[in-house]
Amino acid sequence: MKHLAFATIPELVSMIEQKKISIKELHEFFYRRFELLDDQLGCALELFDQSTISSKNPNGPLHGIPGLIKDNILIENRHASCASLILKNFIAPYSATAIEQLQAQGATFIGRANMDEFAMGSSTETSAYKKTKNPWNLACVPGGSSGGSAAAVAAGLVPWALGSDTGGSVRQPAALCGVVGLKPTYGAISRYGLVGYGSSLDQIGIFTRSVYDSALLFSSMAGVDARDSSTLQIASRDYTKQLDGKLSGTITIGIVDNALHAKGIDLDVKNALNEAILQFEKMGAVIKHINLPTMEYSAATYFIISRAEAASNLARFDGIRYGLRDKKAKTLNQLYENSRHEGFGPEVRSRIMIGNYVLSAGHAGEYYDNARKVRQQMRHEFAETFKNIDLLLMPTSPSGAFEFGAYDADKLQMDLQDYFTCIINLVGGPAISLPCGFTKNNLPIGLQLIGNHSGEELLFKTAYAYEQSTEWHLKHPEGY
Amino acid sequence: MESFNIARDCVKRITKEEMIKLAKTSHIAIDLNEIAPVAEQLGEVLSYAIRVQEIAADTVLTLQANTNIFRADIIEQCNPGPLLRQAPERADNFFVVPSIIETV
């Protein structure tokens, strides 16, 4: 039943309401999809026992609709390992606020999605457990760090999935897998229950195959949370209401030229973005070409701040209260050092050390303090830019999905996959990646629409209008 | 506009002693044969990241106006069960750890 695999959430809800399918049958369907297809894809680290999943709200708008949850988002009494050995047997003692909110709307969770270890990576290759493959080409990565979530939605194994985005970890895999990926405004969705990586950058993000579904799920989770004091003091509301396929009056879209014309961008990506710009113009948008000079420093700034915050956040994994412990250690220091060496993979160890380096006496001035200053400049530049434009547009990723091992010998180039996305985490605004074409090798290309702080309403409306005027969102990988 | 083809000529060199100290600060053991390759990888990233100083000089950090979020100071009962059940080693309501105080 291929249509069911790629149905949108409203289509599934309608089928359930019309009794064309029961929730039990729907769950069976998606569980069978995983059984059939996930051996070759590797999206899920765990599928929950079907008898243990149930909707908590029969009247909720997401009643019975199953999703996959990234392994760094806590679900009470379920394992949460962040794809790391250090948390192999960890069982979450509480649920993330986002999980509770989705449960309150009736959503169900089918399992845990594979990811880069502790969300550190752009290919899902650093997971301690398995690699996830891109359903468009099994020799290619799905992107990262939320690769399992992106691939599962792209392959029709689930209608939606949660990820987390610290420097692009929802938007980049969304682009590489040809699905919709939203990073909300910082503070829009509570981080309570999201294992921290870069706390001033992290946001829970959403994977769907349509903008409407993204807006629906976002509406379920966005809102102030007493348990996360960084959540925005704005009331939750329904972001699907104003999605009518039209642009909002006359909007001005700023094309980030120094991104679109960066050296090293794939020609196919450039062509797809240019086509998309023409499409926006046809729909009535005013196009302005702009430059963001501070973007040149976005990756460098992100490297410093994210790794500094990661070093701090991951200090808690010390083998004392939970997680892997070296039981042969004779001293406390040995216990810490060996447990962390054994439990963390090389990429995580490297990032922690860089983080501590840029914070250390003698280096903090030239690295961390300067990075904070540059971040302040970026925020100022964005605020100034948004005085004259409504939305920004640029590529999500410089190329389509790359092959496994492509950056084994060049980790820095791998890190630069975040080039177009990390600046948005630094400034805190919302951004969405939408499918907008394919490379000549039939790999998806994503465009990134960026809104002003708390500008999700306009972002969704514009994204929806573009999506509905094209057919990219209706394309699915062959064989699924 | 900088591209992804980054300049590699000034790779920061982290000495062996610095690496050992960094590992210690990070509370992560480091094998002798790891020191050189890890130092090289760190050096590459740091050599790239240092460019922030090119434009940072003229900026004075302004403190953001923060809003304090308070909650009522009410003591809630806490069930230690779920927290203790995954302790690597426990005794009653305590985590067992290597001794740090010499007993005579």
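Tutor: Contact means heavy atoms within 4.5 Å. Keep that in mind; the model is predicted.

Student: Which elements cover the buried residues of helix H11 of chain A?

Tutor: H11(A) takes in residues 332-343 of chain A. Its buried residues are A:Leu332, A:Leu335, A:Tyr336, A:Glu337, A:Ser339, A:Arg340, A:His341 and A:Gly343. The cover includes elements of both chains: helix H12 (346-359) of chain A, and helix H1 (16-25) and helix H2 (32-49) of chain B.

Student: What span does H11(A) reach from its first C-alpha to its last?

Tutor: The helix has 12 residues. At 1.5 Å a residue, 16 Å is expected. The model comes close to that, with a span of 16 Å.

Student: What area is buried between chain B and chain A?

Tutor: On the chain B side, 54 residues are in contact with 68 residues of chain A. Carbon and sulfur atoms give 64% of the buried area. The total is about 5500 Å².

Student: Which residue of chain B forms a salt bridge with A:Arg349?

Tutor: The rule finds three salt bridges across the interface of chain B and chain A. In the one formed by A:Arg349, the closest N and O atoms are 2.8 Å apart. The partner is B:Glu34.

Student: What pattern does chain B follow along the sequence?

Tutor: Chain B has 104 residues, and 30% of them count as buried. Its secondary structure comes to four helices and two strands. Read along the sequence, the pattern is α-α-α-α-β-β.

Student: Now the sheet in chain A. Which strands stand at its edges?

Tutor: The sheet is open, its pairing is mixed, and 11 strands run in the order E1-E3-E2-E4-E6-E5-E10-E11-E9-E7-E8. Each edge strand has a single partner, so one side of each is left without a neighbour in the sheet. These strands are E1 (44-47) and E8 (286-290) of chain A.

Student: By what angle are neighbouring strands of this sheet turned against each other on average?

Tutor: Direction is ignored in this value. The average is 30°.

Student: At what angle does helix H7 of chain A run to E6(A)?

Tutor: H7(A), residues 211-221, lies across strand E4 (160-165), strand E5 (180-183), strand E6 (203-208) and E10 of chain A. Relative to E6(A), H7(A) runs at about 145°.

Student: How many residues of E11(A) are buried?

Tutor: Take the two sides of the strand. A:Pro444, A:Gly446, A:Gln448 and A:Ile450 point one way, while A:Ile445, A:Leu447 and A:Leu449 point the other way; all are buried. E11(A) is therefore largely enclosed by the rest of the structure, and the count is seven of the seven.

Student: Which residue stands opposite A:Ile450 of E11(A)?

Tutor: Strand E9 (residues 391-395) of chain A pairs with E11(A) in the antiparallel sense over four bridges. Opposite A:Ile450 stands A:Leu392.

Student: Which residue of E11(A) is the bridge partner of A:Pro435?

Tutor: E10 (residues 431-438) and E11 (residues 444-450) of chain A pair in the antiparallel sense over seven bridges. In one of the pairs, A:Gly437 stands opposite A:Ile445. The partner of A:Pro435 is A:Gly446.

Student: Which residue in the turn between E10(A) and E11(A) has a positive phi?

Tutor: The two strands form a hairpin, with five residues between them. The phi is about 60°, and the residue is A:Asn442.

Note on methods. Residues numbered from 1 in each chain as written. Chains lettered and ligands numbered in written order. Predicted model: local features only at pLDDT ≥ 70, side-chain atom pairs only at ≥ 80, totals over all residues. Heavy atoms only, no water. Expected span 1.5 Å × (residues − 1). Buried < 20%, exposed > 50% of the residue type's maximum accessible area, 1.4 Å probe, protein only. Pairing = 2+ DSSP bridges. Axes fitted to C-alpha atoms, helices over the stretch in contact; angles between N-to-C directions. Buried area = accessible area lost by both parts, 1.4 Å probe. Salt bridge = Lys/Arg side-chain N within 4 Å of Asp/Glu carboxyl O.
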